[in-house]
Amino acid sequence: MEKSFINGLKKHLASPKKIVILPHRNPDGDALGSTLALNHFLIQFKHTVNVISPNDYPSFLKWLPGESNILKYSHAPSKVRRKINEADLIFTLDFNSLSRVEDLSGLLKKSKGIKIMIDHHESPENFATLNYSDPSMSSTSEMIYKVIKALDRNAFNKKISSCLYAGIMTDTGSFSYPSTTSETHLTISHLIDLGADGADIHQKIYDSSSFSRLKLLGITLSNMKQVKGLPVVYMTLNEKELLSCNFRKGDTEGFVNYGLNLKGIVFSCIMIENSSEGKIKMSFRSQGDFSVNYFAKTYFNGGGHQNASGGMSLESLENTVIKFKNAIYEISDQFFKSG
Ligand code: 5GP
Ligand code: MN
């Protein structure tokens with residue numbers, strides 16, 4: 001983190017401000033954990049703060065402290081428009097491309113508020129006045145920990161620590177991905193001392209499945225296929241399968257990771273039909289050197305991180321599978337040893 005970032009931030013926060021904090025669309029644990037933690041920090045200093053989510057999020061995140069005060073653009077568009085137009089400062093967290101907030105991007109561009117981006121994805125766009133971008137960080141939540149520590153280390157509290165713990169835990173695959181450093185563990189250690197209950201947070205997020213979600217996982221796993229001769233697997237879920245398991249937002253979270261449980265597999269993909277939006281949502285996970293960020297950007301209008309990315313397709317599910325396999329064959333000589 002650069003000194004100029006913290007100094008700039010201190011200057012902007014020196015007097016009470018109207019502040020909006022924004023995660024990306026379909027916010028995950030890190031996006032919501034980081035935005036809510038920053039909210040709990042800022043409200044201690046006479047600022048007026050609103051966390052605004054572009055849309056709804058899974059119920060396993062609906063216990064996070066402060067979650068019930070989040071304004072959702074999809075539910076209250078005129079109120080959200082007003083808050084963004086009135087804001088002096090707008091924090092954009094856990095995304096670095098305006099396309100990630102979809103309908104809100106126009107509003108953001110027009111707003112007079114000073115934009116402050118804090119994010120750990122690669123290739124940031126240049127839309128903010130102040131930027132703290134570091135793709136080597138495990139999570140935006142770990143970055144928010146550093147920001148709060150630099151601004152006022154006495155202002156941590158239990159709510160902040162629970163939100164940050166949840167964000168770091170979910171973005172590191174429970175501290176298992178290579179982005180997890182000794183510093184991440186030191187951060188987690190401090191968060192536990194500050195009151196975060198790791199076992200309880202883990203249980204709230206990962207042990208809250210409905211019966212039908214596990215049935216859907218069963219269907220997903222039985223749909224899994226390997227691309228012939230390559231260390232690549234893919235899974236599909238069509239609308240009918242989703243409906244048969246009473247699909248709820250967030251139910252498919254984590255399914256794509258199962259592909260990497262297979263010995264020797266380094267790339268896993270899931271393609272999920274979304275008829276109401278007329279698209280296929282794709283998630284990509286890899287192990288090691290293969291960059292799913294590059295793959296998502298090159299073939300499926302997406303992006304993310306080296307080992308975890310997402311994208312989408314406007315073709316049918318069947319054609320998306322064909323397009324996916326063609327893309328894999330196109331890059332296979334360069335990236336995969338056949339086996
Ligand atoms: P997921 O597969 O869990 O939706 O997303 C994995 C990672 O890729 C997350 O870090 C997410 O922010 C990023 N990501 C997902 N979908 C997209 C997308 O459509 N565009 C970009 N740029 N990143 C995405
Ligand atoms: Mn993140």
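A polar contact here is a pair of N or O atoms within 3.5 Å; within protein, one atom must be able to donate a hydrogen and the other to accept it, and residues adjacent in sequence count only if both atoms are side-chain atoms. The views below show a predicted model, in which local features need pLDDT of at least 70 and side-chain atom pairs count only at pLDDT 80 or more, while totals for chains, interfaces and linings use all residues. Residues are numbered from 1 along each chain as its sequence is written, chains are lettered from A and ligands numbered from 1 in the order in which they are written, and side-chain values use heavy atoms, with hydrogens and water left out.

**View 1. Polar contacts of ligand 1.** A nitrogen atom of ligand 1 lies 3.0 Å from a polar backbone atom of Gly303. Two side chains also take part. An N or O atom of the His121 side chain is 3.0 Å from an oxygen atom of ligand 1. For the Lys281 side chain, the distance to an oxygen atom of ligand 1 is 3.2 Å. On its own, ligand 1 has 490 Å² of accessible area, and the protein covers 76% of that (Shrake-Rupley method, 1.4 Å probe; for residues, only the protein chains shown count as cover).

**View 2. The shell around ligand 1.** The shell has 13 residues, each with a heavy atom within 4 Å of the ligand. Arg100, His121, Ser283, Arg285 and Gly303 come nearest. By class, one residue is nonpolar, nine are polar and three are charged. Nonpolar covers Ala, Val, Leu, Ile, Met, Phe, Trp, Tyr, Cys and Pro; charged covers Asp, Glu, Lys and Arg; the others, Gly among them, are polar. Strand 12 gives the most, with four residues (strands are DSSP runs of E, at least two residues; helices are runs of H or I, at least four; both are numbered from the N terminus).

**View 3. The manganese site.** Asp30 (OD), Asp94 (OD), His120 (NE2) and Asp171 (OD) coordinate the manganese ion (ligand 2) at 2.2 to 2.4 Å. Asp94, in the loop between strand 4 (89–93) and helix 4 (104–110), and Asp171, in helix 6 (residues 158–171), are 77 residues apart. Donors are N, O and S atoms within 2.8 Å of the metal (3.2 Å for Na, K and Ca); water is not among the atoms, so sites may look incomplete. Both Asp94 and Asp171 are buried (under 20% relative accessible area; exposed is over 50%, partly exposed in between; 1.4 Å probe, protein chains only).

**View 4. Cys245 and Cys269.** The structure holds zero disulfides (cysteine sulfur pairs within 2.5 Å). The Cys269 sulfur is 20 Å from the closest cysteine sulfur, in Cys245, too far for a bond. Cys245 is buried at 7% relative accessible area. Cys269 is buried at 0%.
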